[in-house]
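Subject: Structure handover

Hello,

Please find the structure below, with my notes after it.

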Amino acid sequence: MQFTSFMDVALEEARLASREGEVPVGAVVVKDGEIIGRGRNATRIGHDPSAHAEIMAIRAACAALGQDRLTGCDLYVTLEPCAMCAGAIAHARIARLYFGASDPKSGGVTVGARVFEQSQSHHAPEVYDGIGAEAAVELLQTFFAKKRGG
């Protein structure tokens with residue numbers, strides 16, 4: 001089976017988030033080569049601090065499948081998940097996590113809490129980083145430069 005990246009779709013979700021005034025992070029859940037859930041940051045719009053792109057995509061995928069586990073599914077997200085999102089990924093039993101930009105400030109996978117390495121983690125997906133990282137970093141830098149008035 002040939003590998004197909006879905007990071008371009010996650011990046012489009014991130015662009016939509018940016019247009020809505022949200023931090024540009026996007027995510028998609030894929031099962032058997034088909035997108036079953038999409039998400040983008042919506043914390044400000046939804047007045048919900050848990051409305052991160054990963055959570056939104058996981059919620060949509062679980063609803064599409066009518067279940068609370070995403071066994072055999074892949075998650076593509078433009079930014080390294082935070083500890084909260086990494087916990088949700090573990091609970092959902094995501095098989096593979098692909099992320100773009102590293103997040104040295106708030107990441108919970110390769111820096112910071114390293115959630116999947118903790119004995120309390122119920123599940124650890126395969127992790128692949130750096131997929132589409134340049135585009136993800138550019139979106140984030142542009143967004144925050146505009147916020148700072150630059």
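The notes cover the conventions, a hairpin, a helix and an arginine.

This is a predicted model, in which local features need pLDDT of at least 70 and side-chain atom pairs count only at pLDDT 80 or more, while totals for chains, interfaces and linings use all residues. Residues are numbered from 1 along each chain as its sequence is written, and side-chain values use heavy atoms, with hydrogens and water left out.

Helices (H or I, at least four residues) and strands (E, at least two) are DSSP runs, numbered from the N terminus. Two strands pair if DSSP finds at least two bridges between them.

Strands β1 and β2 run antiparallel, joined by 6 bridges, and Ala27 has Gly39 in β2 as its bridge partner. They form a hairpin with 2 residues between them, and Asp32 in the turn has a positive phi of about 50°. β1 also pairs with β3, antiparallel over 4 bridges, with Val28 opposite Tyr76. In β1, 5 of 6 residues are buried (under 20% relative accessible area; exposed is over 50%, partly exposed in between; 1.4 Å probe, protein chains only).

Helix α2 covers residues 53-65. Its buried residues, including Ile55 and Ile58, pack against β1, β2, β3 and α3.

Arg96 is in strand β4 and counts as partly exposed because its relative accessibility is 24%. Its side chain makes a polar contact with that of Asp74 at 2.7 Å (a pair of N or O atoms within 3.5 Å; within protein, one must be able to donate a hydrogen and the other to accept it, and residues adjacent in sequence count only if both atoms are side-chain atoms).

Regards

Terms used. The expected span of a helix is 1.5 Å times one less than its number of residues. Contact means heavy atoms within 4.5 Å.
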